Amino acid sequence: RACLLLVGLLGCRPGTSTPSPSPSSSSSLIEPAPAIATPVGTAGCELELPAAVGAAAAEGPAFVLVDGVGVLRISDGAVRTVLALKDHVASSTVMVVGPGDGLWLSDYAGVRVLAPDGALRVVRGVKDGPRYDNLVVRSPSDVWAVSNDIEWEVVHYDGQRWKAVRRRTDFPGRYDDNKFNRMVVNGEGVWVASWNGVWRGSGGKWEAIVVPAEIEAHADLWVYRDRVILGGIDVHYLREGDAWRALPWPPHGSVLRALADVGVVAAPNVDIRR
């Protein structure tokens with residue numbers, strides 16, 4: 001069994017537990033995701049975490065996508081099918097909960113929204129793809145995604161239409177066949193990681209972001225409490241201002257990670273006992 005390690009994003013300092021303040025936002029793109037937290041400590045060491053931002057989110061229903069069945073809604077101990085997809089493979093669908101606007105479902109036929117009252121609304125209809133991946137639903141009129149075709153592009157939905165705001169060729173660099181890795185959105189803007197590096201877009205302007213030398217073409221991104229984390233092979237960094245701060249992280253092989261209010265949980269490969 002692999003032991004889970006709790007990683008403090010801002011380092012480990014004995015006798016301190018004051019969360020660091022969240023960075024201010026200079027962009028109107030983002031309202032920070034709601035979160036609550038209590039710093040979790042180990043013997044003689046309190047882990048400092050980024051400060052909670054926004055109001056605490058109310059607990060809602062859970063949704064599960066099942067092969068050959070469809071979307072199940074689990075609430076108050078009851079399970080019911082809210083969208084039947086009998087000839088459907090779950091891995092072909094992206095499922096994201098939007099703030100106050102139900103469940104967003106993206107597949108090769110487009111993007112649909114399942115409202116809390118059960119109504120199904122089509123916000124993008126296509127015959128045969130491409131599928132929109134990496135959905136980030138800020139509001140019903142502020143949605144970001146990346147097309148999953150070889151000539152991938154970053155797209156934005158304003159409540160009326162989808163618009164391509166950045167194409168694969170707009171991220172130049174070493175690789176002519178630049179592949180997409182990950183897109184995240186926070187208060188600083190839209191972040192895109194590709195084989196040709198990391199970019200950030202804000203207010204219609206895009207800039208290449210310098211990353212640590214250890215980060216190679218397969219860079220990964222995600223957001224914890226409106227803070228960007230950059231992942232590479234055996235190295236991970238937290239964005240602080242205009243710099244990257246190295247995080248303690250289990251070395252070697254695959255890494256499991258889970259973001260929660262208490263922090264980031266990571267584990268090394270199952271064949272590594274530490």
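Buried here means under 20% relative accessible area, exposed over 50%, and partly exposed in between (1.4 Å probe, protein chains only). The model is predicted, so local features need pLDDT of at least 70, side-chain atom pairs count only at pLDDT 80 or more, and totals for chains, interfaces and linings use all residues. Residues are numbered from 1 along each chain as its sequence is written, and side-chain values use heavy atoms, with hydrogens and water left out.

**View 1. Tyr 175 meets Trp 195 edge-to-face.** Rings of Phe, Tyr and Trp (its six-membered ring) pair if their centres lie within 6.5 Å, with planes under 30 degrees apart called stacked, over 60 edge-to-face and the rest tilted. That gives 10 aromatic pairs. In this one the centres are 5.3 Å apart and the planes sit at 70°, so it goes down as edge-to-face. Tyr 175 is partly exposed at 25% relative accessibility, and Trp 195 is partly exposed too, at 24%.

**View 2. Charged ends over rings.** Here NZ of Lys or CZ of Arg has to be within 6 Å of the ring centre and within 35 degrees of the ring normal. Lys 179 puts its charged end over Trp 195, 4.9 Å from the ring centre. Arg 166 does likewise over Phe 171, at 5.1 Å. Phe 171 also belongs to a cluster of ring pairs with Trp 152, Phe 180, Trp 199 and Trp 206.

**View 3. Ser 147, a buried residue.** Contact means heavy atoms within 4.5 Å; leaving out residues up to four places away in sequence, Ser 147 touches Pro 130, Arg 131, Tyr 132, Trp 152 and Glu 153.
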